[in-house]
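User: I'd like to go through this one with you and ask where the labels come from. Can you show it to me?

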Amino acid sequence: MGPDAKSLLVSFINSDRQHVLHSYLINPGGWNAGENGYKSLKPLLDISISAYVACGKPHLAAQVFSKMKKLRVRPNSLTCHTLINALVKHPSSHSILLANKVFVDMTNVLGVQPSTNTINVLIYGCCLENKIKDALEWVDKMEGFGCAPDNVTYNTILDALFKKGRLNEVRDLLSDMKNRGLVPNRTTYNILVGGYCKLGWIKDAVKVVELMTQNKSLPDVWTYNMLINGLCNTGRLEEAIRLKKEMENLKLLPDVVTYNTLINGYFEWGSSTEAFQLIDEMGEKGVKPNAVTNNIMIKWYCREGKIDEANRTVRIMEESGFSPDCVTYNTLINACCKAGKMDEAFTMMDKMGRKRLKMDTVTLNTILHTLCGEKKFDEAYNLLNSASKRGYYLDEVTYGTLMTGYFKDEKADIALKLWDEMRGKQIIPSIVTYNIIIRGLSHSGKTDQAIDRLNELLESGIIPDETTYNTIIHGYCREGQVEKAFQFHNKMVENSFKPDVFTCNILLSALCGSGMLEKALKFFRSWILKGKVVDAVTYNTLISSLCKEGAGRLEEAEEFMSKLVETGKLQDHSLQPNKDPSVVASKTPGDIDSSSFSYSEQIRELCSQGRYKDAMQIFEEQKGVSIDKSAYMIFMNGLIKRRKSISKADD
């Protein structure tokens, strides 16, 4: 049977709503042919599987395959590959399980020889479900099936490892690839470039591009697009535009992806004028906007609270022949959730269903995030369970969202149960999810348990980041175990941890808070001698502690004040008393609101009246509210003068 027969079958299946043909194919009672008759139907069964797959019905195709297995009618290897490929790419965990069963049946029962391509599809399925260990095991098992891993095999796993931040295994896999005599191709290099860019390691990405050129695998538009994306993600828009010009000089014409990346970058970093200029430039250069371009605009309108403009863009999008997709609806659902319009969010979900757009994990996670923010944990947990029963993928973000909510609500036990449930489903957490559980345990006074999770992630080959280490250090400090915090700090420095200014501020704050000012000053001096960065929070911590010490320490406080002004580290947004340094450091000038202004005015007024004691009390009580530069200077100078006058009176 040729392609004409398949197209006829596809046409018939699309109109066969009662599945009459399917019933005939799988119902033995309808066949009275004997064994030879069954074998004569092999071409029909083979092509039926392909036809059902082409109609987007892989589960019905799998039932036809199951019938062939029972009849011991051997399908073509291409038929098996087509079915397995369709099942793996069908958005359901049940489908991937079924794909693996088909593979076992085709090889063990029917004796069909698999190809490397078929096993590569199963490896891709493992990576989709974050079962990277299973994917790696397939590489070794391939030889037993008479196959050998190829570039696609390694590229698939490399991509998954980067997504999970498992960089140690990336190096090992590249080494294994080389040992098997495989040379990285352009796709391999592009995966490395994309992976490093996603991590923000632009220098490493550029080194890979240089390596590509040396190995005569020249970068293409895709390579440049990933580099541009990496730069846009870190706000380095001028460099991104320079790369676009470099592309044009090399006769690599920027495509719709290039423009979409830059447009999104400008919207994200507050330069909407340039974004709209690029949209105009696309038209001038003959680059047609696509659904992604529209989705970027819709996202920006939603973020700006311009829901009407967003809906208008959706209408224009439809009129231009683009159907709103999951991303469009997820963006609108997210906007409704942020605006507290949950009814509208659920209406959008229903609309997705009517348009046969399945709710994906982004939709699910958006709704869960909002429900957790509103402390509707029962509703959130029920939604998670119902989604799981309906065969939706639950990823680490799904569980991470709920765990974060429960930890914030001081329900650590439930959060830990969710962690166990996630691990039981073989969802492999990345560094982001590990940081959630480590932060939750540390803030719940269970820092020793957080250490267990750190050891677990180290054993799994994931590289901890500064947040991981700083969270544990802060956890020990919160528990008053400053010595333990330093022991951990010193041990981790030996294991490649590079402490940052947040680490410094956490430890300094703990030492000063525990009355160990001399140790704090010694630590500060050693930090400076190593050429490490400090900020206003660092100085603020030391100055406050020196002032509290009274006579004898005021000159040192003045020295720190002078140094603070001299280095220009006195930033309005960073002066927040008694605030968790890891939170302070994440604030931006845009976070300063009217409460900061009134707080600064209050400090100024009290200082003008000489009421420094009252000012100090307010300064220590107002956690999380910033004080501006001038108020801080007036307050600290006044405090030092007051301390001096008291010490003179005592003399």
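This is a predicted model: local features need pLDDT of at least 70, side-chain atom pairs count only at pLDDT 80 or more; totals for chains, interfaces and linings use all residues.

User: What makes Trp419 and Tyr434 an edge-to-face pair?

Analyst: Rings of Phe, Tyr and Trp (its six-membered ring) pair if their centres lie within 6.5 Å; planes under 30 degrees apart are stacked, over 60 edge-to-face and the rest tilted. Trp419 and Tyr434 sit 5.3 Å apart, centre to centre, with 65° between the planes, so the edge-to-face label follows from the cut-offs. Trp419 belongs to helix α25 (residues 412-424) and Tyr434 to helix α26, so the pair ties together parts 15 residues apart in sequence.

User: And why is the pair of Trp300 and Tyr301 called tilted?

Analyst: Their planes make an angle of 55° at 5.4 Å centre to centre, so by the ring rule the pair is neither stacked nor edge-to-face. The structure holds 16 aromatic pairs.

User: How do you know that Ile436 is buried?

Analyst: Its relative accessibility is 14%, so Ile436 counts as buried. Ile436 is in helix α26; helices (H or I, at least four residues) and strands (E, at least two) are DSSP runs, numbered from the N terminus. Leaving out residues up to four places away in sequence, Ile436 touches Gly400, Met403, Thr404 and Phe407, and a contact means heavy atoms within 4.5 Å.

User: What makes Thr79 buried?

Analyst: Thr79 has a relative accessible area of 6%, so the buried label applies. Thr79 is part of helix α6 (residues 77-89) and, with residues up to four places away in sequence not counted, touches Asp46 and Ile49.

User: How do you know that the span of helix α12 agrees with what it should be?

Analyst: The expected span is 1.5 Å times one less than the number of residues. For the 14 residues of α12 (residues 186-199) that should be 20 Å, and the end C-alpha atoms are 20 Å apart, so the two agree.

User: Why is α12 called mostly covered?

Analyst: 10 of its 14 residues are buried, among them Thr188, Leu192 and Cys197. The cover includes α10 (151-163), α11 (167-179), α13 (202-214) and α14 (221-233). Just after α12, Gly200 takes a positive phi of about 85°.

User: What does the chain look like as a whole?

Analyst: The chain comes to 37 helices and 0 strands. Of its 651 residues, 49% count as buried. Among contacts with a separation of 6 or more, 62% are between residues 24 or more positions apart.

Notes
Residues are numbered from 1 along each chain as its sequence is written. Side-chain values use heavy atoms; hydrogens and water are left out. Buried means under 20% relative accessible area, exposed over 50%, partly exposed in between (1.4 Å probe, protein chains only).
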